Amino acid sequence: MQVADHDTAEEVAKELGGFLERRREQLAQRWADAPLFRTVFTVSRDEAVEACKAVVDALADVARSNRLEDVQAPGFGTVRDQLGRMAASRTQAGFSSSQIAGEVAGLREPALALLRTEFEESSAEHSEACLLALTVLMGTLRLVVMETSVSAGEELIARQRLQLLEVATPVIKLWEGIVAVPLIGTLDSARSQVVMESLLEAIVDQRARYAILDITGVPTVDSLVAQHLMKTVAAARLMGAECIVSGIRPAIAQTIVHLGIDLGSIITRAGLADALAYALTEQGIVVSQGPAQGGSPR
Amino acid sequence: MHAPPAPTARLPIASDADLAWVRQQVRRAAADLGFGLVQQTKLVTAASELARNTLVHGGGGHVEMTVLEEGACRGLRLSFVDTGPGIRDVELAMTDGYTTGGGLGMGLSGAKRLVQEFALDSRPGEGTNVTVTDWVSGVPSPRTGAP
Amino acid sequence: MSGLPATPASSVPVLALGDVLLVTLQGELHDGTAEQLQDHITHRIAHHPVPVGGVVIDISGVEIVDSFLGRILAEIAANARLLATRTVVAGMRPAVAITLVELGLTLPGLVTALDVDRALSLLGRAPSAAAPAHPEGDA
């Protein structure tokens, strides 16, 4: 993609800049309907058009300064943030960096079409070179967007991972002074950390004396999982709360015995209900039958 | 190409009072870097263990604190140095429950569990250098290897 | 810079709530101070004319418990037990509990409570509002 010579290149770039300035409104209108802008600026189309204009202005600036291939061109400075936010929005919507790059590439055709129309209406000196230059410039824009979206993607993954870990370990208040954590899925080191922190915070908030760790949803219990459980129990104990591990299925019980895992003095129960019954009894709370509140079906 | 960053601070370890000062300074540095509370607590506790080791077993020494920046990651490196007798059997010293005097023998192996990176360099008669590093993590990172 | 000055053991607040000793540890505790405190408490239990019904060590204000302080707490409790007195450590912070467990210090023999009120209940005493508190004299 070489233009004839340096001077011509500069002229061409300036011409391109001029075109972008002149056709700002029209180009913005066309781009506003492209997925990249339409799905991001959902409040109103005007908002999308304004955003497009900002991008067109930036491109015009880059063109006028004859830095068509320079990703670091100062002209991009004004829209880098906006492009970053747009890329982040698309990333959150589940699009990969290459998909987003594809969407930016989709902006090229409307721009080229508009430029061709202009050349038909008023013959320009370097029409071919201009079209080429626009193609190059759009390619650079694609690179700029890719740069911002890759780093946004990395940040998002990190945040989502943390959110997932937190959401997956809710601590539930079963009764005054009794909390329960239903553990679901494999209990690895990271999950164990989050469980410990959530559980201990809940013990403080709820002034809990009993914490039930239900492992019904934990597929396998090996010595590592047992170790994580024991750490959690030990930490809760240091804060004056007694832990009960419930959800010991027969297969799990057999595995624990078979592996020779010593759960020490941890209290265990088959089911969550059994654990709750134990905790209530320990506190001297008796659940008794009274008159049923609900009406009988007519 | 990066030259190793210069230490941010060098704190003497020669007395009880110095141990408390080291704890305070490490806590401050960790908080400034944005470490979460649990990570801060672990790092300061590890620093307390290692500083005490330096004092009690190493005959005193110092700790060098270095703020690290690698890309978007920020970290803190603590290097405990003494010119004491050194550790004869490093492997033995690193096993749980091992102690040569007082304490519960958790010093080295316990401290290792509290931090992300741990390096021990010791030669009998030449002193000991224990360097630990922690990186600020927004995400709890699964620790590899035996806990 | 020669470090932080030590808090003398005599300025660690030791209140008598009825016949229970309430020891409040705060912030930085030098190794030497911790050891002195251990001695002081043991002597107090052994020699004071009024029998001590229990000891509550409030660590809600403590941000760092390393293996040294952990050992001190365990030893205070062990000494007290030998003198037929129960000890409860109250108010351990979550971050401290997590760190101690990671260190491998689960302090199995130690009786713990969420806070001072719970600790007093454990010792069979009414919560702090009931008994008048008065400060101990100097060590």
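A crossing of two helices is called left-handed if the near helix is turned anticlockwise from the far one by less than a right angle, and right-handed if clockwise. Keep that in mind for the helix pairs below. What you're looking at is a predicted model, where local features need pLDDT of at least 70, side-chain atom pairs count only at pLDDT 80 or more, and totals for chains, interfaces and linings use all residues. Residues are numbered from 1 along each chain as its sequence is written, while chains are lettered from A and ligands numbered from 1 in the order in which they are written.

**Chains B and C, element by element**

- Helices (H or I, at least four residues) and strands (E, at least two) are DSSP runs, numbered from the N terminus.
- Chain C has 4 helices and 6 strands, and going from the N terminus its order is β-β-α-β-α-β-α-β-α-β.
- Chain B comes to 4 helices and 5 strands, in the order β-α-α-β-β-α-α-β-β along the sequence.
- A residue is buried if 20 or more other C-beta atoms lie within 10 Å of its own, exposed if 12 or fewer, and partly exposed in between, with C-beta atoms placed from the backbone.
- By that rule, 45% of the 139 residues in chain C are buried, and for chain B the figure is 38% of 147 residues.
- Two residues are in contact if their C-beta atoms, placed from the backbone, lie within 7 Å.
- Take the contacts in chain C with a separation of 6 or more: 77% of them are between residues 24 or more positions apart.
- In chain B, of the contacts between residues at least 6 apart in sequence, 63% join residues at least 24 apart.

**Where chain C touches chain B**

- Here 23 residues of chain C are in contact with 26 residues of chain B.
- On the chain C side, α1 (31-47), α2 (67-82) and α3 (94-103) each supply at least two residues.
- The largest share of that side, 6 residues, belongs to α3(C).
- For sorting by class, Ala, Val, Leu, Ile, Met, Phe, Trp, Tyr, Cys and Pro count as nonpolar, Asp, Glu, Lys and Arg as charged, and the others, Gly among them, as polar.
- Sorted that way, the side of chain C that touches chain B has 10 nonpolar, 7 polar and 6 charged residues.

- Axes are lines fitted to C-alpha atoms, for helices over the stretch in contact, and angles run from 0 to 180 degrees between N-to-C directions.
- Angles under 35 degrees count as roughly parallel, over 145 as roughly antiparallel, 65 to 115 as roughly perpendicular and the rest as oblique.
- Helix α9 (residues 189-206) and helix α10 of chain A pack at an angle of about 20°, their axes 10 Å apart, so α9(A) and α10(A) are roughly parallel to each other.
- The crossing of α9(A) and α10(A) is right-handed.
- Among the residues making this contact are V195(A), L199(A) and I203(A) of α9(A) and H228(A), T232(A) and A235(A) of α10(A).
- The residues of the contact of α9(A) with α10(A) split into 7 nonpolar, 3 polar and 1 charged.
- The axes of helix α2 (residues 24-31) and helix α4 (residues 45-64) of chain A come within 8 Å and cross at roughly 125°, which means α2(A) is oblique to α4(A).
- The crossing of α2(A) and α4(A) is right-handed.

**Nonpolar cores**

- A nonpolar core is a set of buried Ala, Val, Leu, Ile, Met, Phe, Trp, Tyr and Cys residues joined through C-beta atoms within 7 Å.
- The largest one has 113 residues, and I203(A), A211(A) and V56(C) have the most contacts inside it.
- Helix α10 (residues 223-238) of chain A gives the largest share of this core, 8 residues.
- A second, separate core of 42 residues includes L36(A), A87(A), I100(A) and L141(A).
- Leaving aside neighbours within four places in sequence, V56(C) is in contact with residues including V20(C), V88(C) and L120(C).

**Two residues to look up**

- S198(A) sits in helix α9 of chain A, and S198(A) is partly exposed because 19 other C-beta atoms lie within 10 Å.
- F80(B) lies in strand β3 (residues 73-82) of chain B, and F80(B) is buried because 27 other C-beta atoms lie within 10 Å.
- F80(B) and V130(B) are 50 residues apart along the chain, yet their C-alpha atoms are separated by 5.1 Å.
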